[in-house]
Amino acid sequence: MEKDLTQGNTLKLIIQFCIPLIGGALFQQFYNIVDTMIVGQFVGVNALAAVGATGSLNFLVIGFTLGLTNGFGIPIAQAFGAKK
(Lines give C-alpha, C1' and ligand atoms only; values in the text may rest on other atoms or scores of the structure.)
Protein backbone atom coordinates (compact mmCIF):
# COMPACT_ATOMS: atom_id res chain seq x y z
CA MET A 1 0.00 0.00 0.00
CA GLU A 2 1.38 3.37 -1.00
CA LYS A 3 0.32 6.52 0.80
CA ASP A 4 0.97 9.98 -0.63
CA LEU A 5 2.11 12.18 2.26
CA THR A 6 2.15 15.27 0.07
CA GLN A 7 -1.66 15.54 -0.09
CA GLY A 8 -4.13 16.14 2.75
CA ASN A 9 -4.12 17.53 6.28
CA THR A 10 -0.47 18.04 7.25
CA LEU A 11 -0.87 17.63 11.02
CA LYS A 12 -2.88 14.41 10.64
CA LEU A 13 -0.31 12.97 8.22
CA ILE A 14 2.59 13.84 10.53
CA ILE A 15 0.87 12.25 13.52
CA GLN A 16 0.08 9.09 11.52
CA PHE A 17 3.71 8.95 10.41
CA CYS A 18 5.07 9.43 13.95
CA ILE A 19 2.96 6.78 15.71
CA PRO A 20 5.08 3.80 14.49
CA LEU A 21 8.29 5.71 15.30
CA ILE A 22 7.15 6.44 18.84
CA GLY A 23 5.99 2.84 19.24
CA GLY A 24 9.38 1.55 18.12
CA ALA A 25 11.18 3.84 20.56
CA LEU A 26 8.93 2.69 23.41
CA PHE A 27 9.55 -0.98 22.64
CA GLN A 28 13.28 -0.32 22.54
CA GLN A 29 13.09 1.26 26.01
CA PHE A 30 11.01 -1.66 27.31
CA TYR A 31 13.62 -4.05 25.93
CA ASN A 32 16.39 -2.15 27.76
CA ILE A 33 14.42 -2.23 31.03
CA VAL A 34 13.68 -5.97 30.79
CA ASP A 35 17.27 -6.69 29.76
CA THR A 36 18.56 -4.82 32.80
CA MET A 37 16.14 -6.64 35.11
CA ILE A 38 17.04 -10.08 33.79
CA VAL A 39 20.79 -9.48 33.77
CA GLY A 40 20.69 -7.95 37.26
CA GLN A 41 18.66 -10.82 38.72
CA PHE A 42 20.25 -13.84 37.08
CA VAL A 43 23.75 -13.00 35.80
CA GLY A 44 25.24 -10.68 38.38
CA VAL A 45 26.59 -7.25 39.18
CA ASN A 46 29.53 -7.33 36.75
CA ALA A 47 27.30 -8.26 33.83
CA LEU A 48 24.85 -5.53 34.80
CA ALA A 49 27.70 -3.02 34.83
CA ALA A 50 28.72 -4.21 31.35
CA VAL A 51 25.18 -3.76 30.06
CA GLY A 52 25.08 -0.25 31.51
CA ALA A 53 28.48 0.63 30.09
CA THR A 54 27.54 -0.44 26.58
CA GLY A 55 24.18 1.36 26.63
CA SER A 56 25.79 4.66 25.64
CA LEU A 57 27.71 3.00 22.83
CA ASN A 58 24.51 1.41 21.57
CA PHE A 59 22.75 4.79 21.65
CA LEU A 60 25.68 6.37 19.77
CA VAL A 61 25.53 3.82 16.96
CA ILE A 62 21.73 3.99 16.65
CA GLY A 63 21.74 7.80 16.77
CA PHE A 64 24.48 8.03 14.13
CA THR A 65 22.61 5.61 11.87
CA LEU A 66 19.33 7.50 12.29
CA GLY A 67 21.11 10.76 11.50
CA LEU A 68 22.59 9.32 8.32
CA THR A 69 19.30 7.92 7.13
CA ASN A 70 17.54 11.22 7.85
CA GLY A 71 20.23 13.06 5.92
CA PHE A 72 19.80 10.76 2.92
CA GLY A 73 16.04 11.07 3.22
CA ILE A 74 16.02 14.83 2.57
CA PRO A 75 17.01 14.76 -1.15
CA ILE A 76 14.91 11.63 -1.68
CA ALA A 77 11.84 13.31 -0.16
CA GLN A 78 12.44 16.44 -2.24
CA ALA A 79 12.66 14.38 -5.43
CA PHE A 80 9.56 12.40 -4.49
CA GLY A 81 7.65 15.60 -3.71
CA ALA A 82 8.67 17.05 -7.07
CA LYS A 83 7.44 13.80 -8.70
CA LYS A 84 10.90 13.09 -10.19
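Predicted model: local features only at pLDDT ≥ 70, side-chain atom pairs only at ≥ 80, totals over all residues.
User: Why are helices α1 and α2 called roughly antiparallel?

Analyst: The axes of α1, residues 10-43, and α2, residues 45-81, come within 9 Å and cross at roughly 160°. Angles over 145 degrees count as roughly antiparallel, and the two helices are therefore described in that way.

User: Which residues of α1 and α2 meet?

Analyst: On the side of α1 they are Gln28, Asp35, Thr36, Val39, Gly40 and Val43, and these meet Ala47, Leu48, Val51 and Ile62 of α2. Sorted by class, this contact holds six nonpolar, three polar and one charged residues.

User: How many aromatic pairs does a search of the whole structure find, and what makes the pair of Phe27 and Phe30 edge-to-face?

Analyst: The search finds one aromatic pair. The ring centres of Phe27 and Phe30 lie 6.4 Å apart, with the planes at 80°; centres within 6.5 Å make a pair, and planes over 60 degrees apart count as edge-to-face, so that is the name this pair receives.

User: Where do Phe27 and Phe30 lie?

Analyst: Both belong to helix α1, where they are three residues apart, about one turn of the helix.

How values were computed: Residues numbered from 1 in each chain as written. Heavy atoms only, no water. Axes fitted to C-alpha atoms, helices over the stretch in contact; angles between N-to-C directions. Helix = DSSP H or I, 4+ residues; strand = E, 2+ residues; numbered from the N terminus. Parallel < 35°, antiparallel > 145°, perpendicular 65-115°, else oblique. Contact = heavy atoms within 4.5 Å. Nonpolar A, V, L, I, M, F, W, Y, C, P; charged D, E, K, R; others polar. Phe/Tyr/Trp six-rings, centres within 6.5 Å; stacked < 30°, edge-to-face > 60°.
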